[in-house]
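Hi everyone, thanks for making the time.

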Amino acid sequence: MKLSKLGYWFLPPVVFRLMTGVRNGLRRQRALKIDQVRTDLNELREKGFSFFFDGRVIDRFCDYMERDNALNKPVATRRPENQKYLDELINQGYCVVSNAFPAASIREWHDDLKQIMDAASQRCDELVDLHGQASMQTIQELYLGNRINFHLASGLIRLWDVHLLRPQLRSVLEHETLNDIVWSFFGGNPTEPGIYLEYKNKVDWYEPNTNYHSDSPFRILKAWLLLNDVGSRNGPFVYCARSQYLDDWRILRDLLEFSNYNKKYKAFYAHLSRVELAQLASAFPELCAPERQITGKAGDIIVADTRGVHGGTNLQEGYRLQLGLVSSGLGNVFIGNIPDEIKNLSRDSH
Ligand SMILES: [Fe+2]
């Protein structure tokens, strides 16, 4: 055993620290500037958890959770034939409404909208040349007068409010079965949905969404109308059934995500690794099922409560073109828009 190890075990700590201090003082590596520890450990010791966290965040979190549960608890669908979709959505976190639109309408919309997005895809290539894929930026611009987002890592493009460009798409917003499901899911209190056209056509580009995550601690529904057939190689959506319920395994992540500390430390607490999910699924099958790809045909609508853990997959061939709708319940402002009162709590905690 080395002399230094013997010293660690058998000398009094003060003597050992003095000894190593003298030895290392003679051999100091000045270029590393190791004395400049940016985190003040004394402050951490003094403040304990309040070094990281403002306790008021917990109160706010509980208030919002209670509000979501009180105002947005599901009620029965208005049409009895739609109840099976709602039951599935509540129980497993997603459901699929097959053949929601006639094939002829879907084909017509597909051909028209794909042209729009193929042109936008060229702009995406220019932006990638300019900023690099590795920047992982999302660039927002105006396109045909509407907001458009380019995700430079995956090449995914989202064109918002596309119904303003093509009024016939209002029929998606007015789809009876979908509206019945959404209305009932939020206890009759859904917000106006946001609508976007989404195009993914960059084969084998890195997809950050393969990191599985939850969108929000609160009820949130996303619905996608597929405009082309999506098989396992066309970047299908992935969902872990039953992971949408509030439970001990996720409450700390939800709290951290809610608090906006994720932005402060650049940590995404709502993300879960596949190993964590696999262990959760095998230990608590009633709370989480192994991830499942949700493939579908053009004209199908996939509806998911994206509180549940979900993600994307790499596009291996072809493309994926779909219309997306996002709805939340009354009082939920947590879709990319955390109120200042919460932001400010986490901003100046130390
Ligand atoms: Fe998501």
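Let's begin with Y199, which sits in strand β5, residues 194-200. Strands here are DSSP runs of E, at least two residues long, and helices are runs of H or I of at least four, both numbered from the N terminus. Before I go on, please keep in mind that this is a predicted model: local features need pLDDT of at least 70, side-chain atom pairs count only at pLDDT 80 or more, and totals for chains, interfaces and linings use all residues. Residues are numbered from 1 along each chain as its sequence is written.

So, is Y199 buried or exposed? Y199 counts as buried, because it has 23 C-beta neighbours inside 10 Å. The cut-offs are these: 20 or more other C-beta atoms within 10 Å means buried, 12 or fewer means exposed, and in between is partly exposed, with C-beta atoms placed from the backbone.

Which residues does Y199 touch, leaving aside neighbours within four places in sequence? They are M117, S121, I157, Y319 and L321; contact means that C-beta atoms, placed from the backbone, lie within 7 Å. Take S121: in sequence it is 78 residues from Y199, yet their C-alpha atoms are 8.5 Å apart in space.

Now the sheet. It is an open one of 8 strands with antiparallel pairing, in the order β1-β11-β7-β13-β5-β4-β3-β2. Two strands pair if DSSP finds at least two bridges between them. At the edges, pairing on one side only, are β1 (94-97) and β2 (138-143). On average, neighbouring strands are turned by 20° against each other, direction ignored.

β2 runs antiparallel to β3 (residues 146-151), and 6 bridges join them.

Helix α5 (residues 83-92) packs on it, touching β1 and β11 (301-305), and makes about 150° with the direction of β1. α6 also packs on the sheet, touching β2, β3, β4 (157-160), β5 and β13 (320-328), at about 120° to the direction of β4. For these angles, axes are lines fitted to C-alpha atoms, for helices over the stretch in contact, and values run from 0 to 180 degrees between N-to-C directions.

On to the core. A nonpolar core is a set of buried Ala, Val, Leu, Ile, Met, Phe, Trp, Tyr and Cys residues joined through C-beta atoms within 7 Å. The largest one has 56 residues, and I157 and V303 touch the most other members. Helix α6 (residues 103-131) gives the largest share of this core, 7 residues. Among the contacts of V303 beyond four places in sequence are L89, Y94 and I181.

D161, in the loop between β4 and α7 (170-173), has a positive phi near 50° without being glycine. D204, in the loop between β5 and β6 (212-213), has phi near 70°, again positive in a non-glycine residue.

Finally, the whole protein. The domain assignment, from an automatic or database source, gives domain 1 (3-50) and domain 2 (56-347). Their centres, taken over C-alpha atoms, are 48 Å apart. Of the 350 residues, 31% count as buried.

Definitions and conventions: Two residues are in contact if their C-beta atoms, placed from the backbone, lie within 7 Å.
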